[in-house]
Amino acid sequence: MSDQAGLSDQYRMASPWPLFVALGIPIAELGILFGVSVVAVGGLLLFCGSVTGMLREADYVETVWRPLLVFAVFLFAIGSILAFTEVSLVARGYAIITTGAVLAAAGIGGELFVPKREPV
């Protein structure tokens with residue numbers, strides 16, 4: 001009889017993604033708050049990529065490319081609101097728009113150039 005009821009050896013016990021989500025949020029916030037664009041872009045890329053990885057690992061999505069495009073559209077919208085409506089937040093808005101552009105390039109490139117997986 002097993003001392004861990006309900007657990008099987010075929011499943012991995014822990015996922016690495018929550019750690020990266022937890023790191024991505026404060027890194028992005030610090031970059032946006034203090035206007036350090038490189039840190040803001042890096043933190044947002046870490047956060048969006050980690051959430052996309054979690055979605056793929058949980059089998060909510062077939063590929064990671066379309067969720068990256070959804071995040072890109074969302075970041076374009078938020079960055080545009082910040083960059084074009086408030087004068088004091090222009091640099092922060094541009095950092096968020098830059099992250100959206102990088103995610104859009106990754107999502108489009110992945111959809112176009114990465115071969116589809118065959119069902120097992």
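The model is predicted; local features need pLDDT of at least 70, side-chain atom pairs count only at pLDDT 80 or more, and totals for chains, interfaces and linings use all residues. Residues are numbered from 1 along each chain as its sequence is written, and side-chain values use heavy atoms, with hydrogens and water left out. The predictor's confidence in each residue, pLDDT, runs from 0 to 100. Its mean for the protein is 88. A value of 70 or more is reached by 88% of the residues. Among the elements, helix 1 has the lowest mean pLDDT (93). Helix 2 has the highest (95).

The secondary structure comes to 4 helices and 0 strands. Helices (H or I, at least four residues) and strands (E, at least two) are DSSP runs, numbered from the N terminus. In order from that end, the elements read α-α-α-α. Buried residues make up 27% of the 120 residues. Contact means heavy atoms within 4.5 Å. Of the contacts with a separation of 6 or more, 55% are between residues 24 or more positions apart. The accessible surface comes to about 8200 Å², computed by the Shrake-Rupley method with a 1.4 Å probe; for residues, only the protein chains shown count as cover. Carbon and sulfur atoms account for 70% of that surface.

Helix 2 covers residues 37-57. The expected span of a helix is 1.5 Å times one less than its number of residues. An α-helix has 3.6 residues a turn, so residues three or four places apart point the same way. Just after helix 2, Asp-59 takes a positive phi of about 60°.

Ser-37 also lies in helix 2. Its relative accessibility is 34%, so Ser-37 counts as partly exposed. Leaving aside residues up to four places away in sequence, Ser-37 touches Ala-91 and Ala-95. Ser-37 and Tyr-94 are 57 residues apart in sequence, yet 8.2 Å apart in space, C-alpha to C-alpha.

The largest nonpolar core has 12 residues: Val-21, Ala-28, Leu-44, Cys-48, Val-51, Leu-68, Phe-71, Ala-72, Leu-75, Ile-96, Leu-103 and Ala-104. Such a core is a set of buried Ala, Val, Leu, Ile, Met, Phe, Trp, Tyr and Cys residues joined through side-chain atoms within 4.5 Å. Helix 1, helix 2, helix 3 and helix 4 each supply at least two of its residues. Helix 3 gives the most, with 4 residues. Ala-104 touches Leu-69, Ala-72 and Phe-76, not counting residues up to four places away in sequence.

The structure holds 2 aromatic pairs. One of them joins Phe-84 and Tyr-94 edge-to-face, at 6.3 Å centre to centre and 75° between the planes. Rings of Phe, Tyr and Trp (its six-membered ring) pair if their centres lie within 6.5 Å; planes under 30 degrees apart count as stacked, over 60 as edge-to-face and the rest as tilted. Phe-84 is in helix 3 and Tyr-94 in helix 4, 10 residues apart. Phe-84 counts as exposed because its relative accessibility is 59%. Tyr-94, at 43%, counts as partly exposed.

Note on methods. Buried < 20%, exposed > 50% of the residue type's maximum accessible area, 1.4 Å probe, protein only.
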